[in-house]
Every structure is written in structure tokens, then in C-alpha cells.
Amino acid sequence: MSDDRILRLYYHRQLLARARAREHNFTNRLETAIKDRGFRLRLLEDTAPARMRSLGKPGYSLFHMQDPLALNQLSLRLAYLYPFWRIEKTNERWEFDVARARFDPREIDPKAAADFARRRRGTHLKGAVPGGGEVIYIALQARLTEQRSFQCMTPLDMVGETLAQTGAGPVVAALHPKVTYSDAELAPLRALAELNPRLTIRTGGMEELLPRARMVVTQNSSVALMGYLLHKPAVLFGRIDFQHIAANVQDLGVAEAFRYAAQAQPDYERYLYWFLKEMAIDAAGPDAEGQIISAMRRGGWAI
């Protein structure tokens, strides 16, 4: 087989081991899809030097959670929840095809959507059911005092705006459990909590906090998407691909975003069905191979 009929797939070490042991369903389905079209899969460890060495090589390269470097390369990312995946021209979620697509709930069957959401709640939220709550749940990520390119203000300022916009109820700012924060980041957050008795700081706790939440506030954490499963409105201070039914501060402004989130009643279940079942690759579905090839072709590959 010639080198131009090879797809090189780059994974970090742990995922690479699973894929080589054929214990990773998406990789197995991808290999079947390209083999049926005369291509061979080569699994490689993802490192910066390895990605640079891929430049100029014939065939195609697929990077896991890394930006492509050439036209014959694409990016692969989990669509937040297993078994859903995306193959895109960029690693930036807010630039994904789905981010620019139009969501029309009238095109989604309500029973299929309700059944899908119920199964997802059972899998990912221990069967929690939609309902009201009293807590404003702020899902924090990294770099609390920095404003990154996709954000309209720093996470610390986001906490301050949330306190200013949400009345008298309790506010919980949850630090990301996998992020190590510096004292310089945490000091101003703790100072805010000392000035505002409404504000509690904790680490993690999504499964406990989401059922109690009145709304989710975040830059672009997937906690907001998980909140959709429990019909929790989201206020987003950053760009992301699941913004269609959220109150986005960059579009509405701070005050209007909070007002909108408090009143809007989007069809969460139809949205989740559209976002995951219709707009992503379902690696557990009967047409996973066809969906994989279609995504590659949308990315410009002649496969």
C-alpha cells in the first residue's frame, strides 16, 4: 500500500495504548471506515516533534485535541460525552461547524429527544431529574486572573459580575478539580468571598451542585452543557460550540444575558439530541463509519 493511502492518528500515551489494544471503540470504527476505502491506519504517539515531522508526509494525519498544521490534517475531539466525537479543521471548539450551524427545534422529534436525554442523565448524572434550584453555580476553569482570546473578561471579573447581577441567593464558585491554582489567583477570589457572604468557594462537585442549581455561569465549561440535561439555563462569558440556547455575554451584554437566562425556556432535550445525535459522530451508532467518512470529506479529504 502506498504512503498516500495511510492515515496517521496521533494519541497521547494512555489513549494510544488503549487504541493499540483495540480497546477504544471510536478508533476501531474509524479503522473499519478507512479500510473499506483502501486506507491503512497508523497509530502514533502525540508529541510536538511528532506533529512537526508529519508535515510534508503523504496521506492524512489526524491529531487528538491539537490544531492541524497542513491541509491534509484534521483535529479529533470528544464531543464532551461518550460516545460522541467530532473531526474538524480546527481544535478550537467555537470554530467547529456545529458552532455556526442553525438549531431549529421543530426539526427534532420530541419523543426521541426525551428518550435520549433520559438515557444521558442515567449515564452521566446518576439518573438525576430536571428541576428547579436555588444556587447560582459558577463553573471555573483555568487562569482566573487572565482574559483569554475567547473570553470577554477574566474569570475573576465574571464572578464579580455574577454577584452583581443575581440578587440575594447563594452563589457557589467551583474550582476545576484538575487545575492547580496559584496563590496569586486564589487570593482575589477569596477576598471576594470575604466581602460577599453569598459566595462560597469549593473544588469540583458537579454531580452534587447541578441538581441544586438555578443557573450555570461559566466562560465555556462543559458543566453548562451537562446542565442542559437538567434544564439549567447557562450564562456564557466565552465562546464555545454549544452556545445556541445559552445566554452569551459577548452577544447580549452582561445584564441582558442574566435577564435572558432567568426567563428563557429553551427546548433543552431537542437541543441535546441535535447537538450530539445529529451533529456529531456517534461511535456506538450503526452508521459510525459513514459519519466518520462524511466528517473527513467535509474537512477536505478525498477519502
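The side chains of Arg239 and Glu95 form a salt bridge, with N and O 3.6 Å apart. This is a predicted model. Two salt bridges are counted between domain 1 and domain 2. Polar contacts cross the interface too: six residue pairs, both partners at pLDDT 80 or more.

Where do the domains run? Domain 1 covers 3-101 + 281-299, and domain 2 covers 110-275. Their C-alpha centres lie 30 Å apart. Domain 1 brings 13 residues to the contact, and domain 2 brings 16 residues.

**The interface**

The size of an interface is often given as the accessible area lost when the parts come together. Here domain 1 and domain 2 bury about 1,200 Å² between them. Carbon and sulfur atoms carry 67% of that area. Which residues of domain 1 lose the most area to domain 2? They are Tyr80, Leu81 and Trp94, together 52% of what that side buries.

Polar contacts link six residue pairs across this interface, both residues at pLDDT 80 or more. On the side of domain 1 that touches domain 2, strand E5 (84-88) and helix H4 (97-100) each supply at least two residues. The residues of that side divide into 10 nonpolar, no polar and three charged.

**Pairs across the whole structure**

Side chains of opposite charge can pair when their charged atoms come close. The whole structure holds 21 salt bridges. One of them joins Glu289 to Arg29, with the closest N and O atoms 2.5 Å apart. This pair links distant parts of the chain. Glu289 sits in helix H13 (residues 288-298), while Arg29 belongs to helix H2 (residues 25-35). The two are 260 residues apart.

A search of the whole structure also finds 18 aromatic pairs. Why is the pair of Tyr228 and Phe242 edge-to-face? The ring centres of Tyr228 and Phe242 are 6.1 Å apart and the planes stand at 90°, so the pair is edge-to-face. Planes over 60 degrees apart count as edge-to-face. Tyr228 is in helix H9 (residues 223-229). Phe242 is in the loop between strand E10 (234-236) and strand E11 (247-248), 14 residues apart from Tyr228.

The table sets out some distances.

| Pair | What is given | Distance |
|---|---|---|
| Arg239 and Glu95 | salt bridge, N to O | 3.6 Å |
| Glu289 and Arg29 | salt bridge, closest N and O atoms | 2.5 Å |
| Tyr228 and Phe242 | aromatic pair, ring centres | 6.1 Å |
| Arg198 and Leu163 | side-chain polar atom to backbone oxygen | 2.9 Å |

**Arg198**

Where does Arg198 lie? Its place is the loop between helix H7 (183-195) and strand E8 (199-203). Leaving out residues up to four places away in sequence, Arg198 touches Leu163, Thr166, Gly167, Ala168, Gly169, Pro170 and Val171. With Leu163, a polar atom of the Arg198 side chain lies 2.9 Å from the backbone oxygen. Ser149 is 49 residues from Arg198 along the chain, and their C-alpha atoms are separated by 30 Å.

**Two backbone details**

Most residues other than glycine have a negative phi, and most peptide bonds are trans. Pro83 lies in the loop between strand E4 (73-78) and E5. The loop between strand E3 (60-64) and E4 holds Met65.

Terms used
Residues numbered from 1 in each chain as written. Predicted model: local features only at pLDDT ≥ 70, side-chain atom pairs only at ≥ 80, totals over all residues. Heavy atoms only, no water. Domains from an automatic or database assignment. Contact = heavy atoms within 4.5 Å. Buried area = accessible area lost by both parts, 1.4 Å probe. Salt bridge = Lys/Arg side-chain N within 4 Å of Asp/Glu carboxyl O. Polar contact = N/O pair within 3.5 Å; in protein donor to acceptor, adjacent residues only side chain to side chain. Helix = DSSP H or I, 4+ residues; strand = E, 2+ residues; numbered from the N terminus. Nonpolar A, V, L, I, M, F, W, Y, C, P; charged D, E, K, R; others polar. Phe/Tyr/Trp six-rings, centres within 6.5 Å; stacked < 30°, edge-to-face > 60°.
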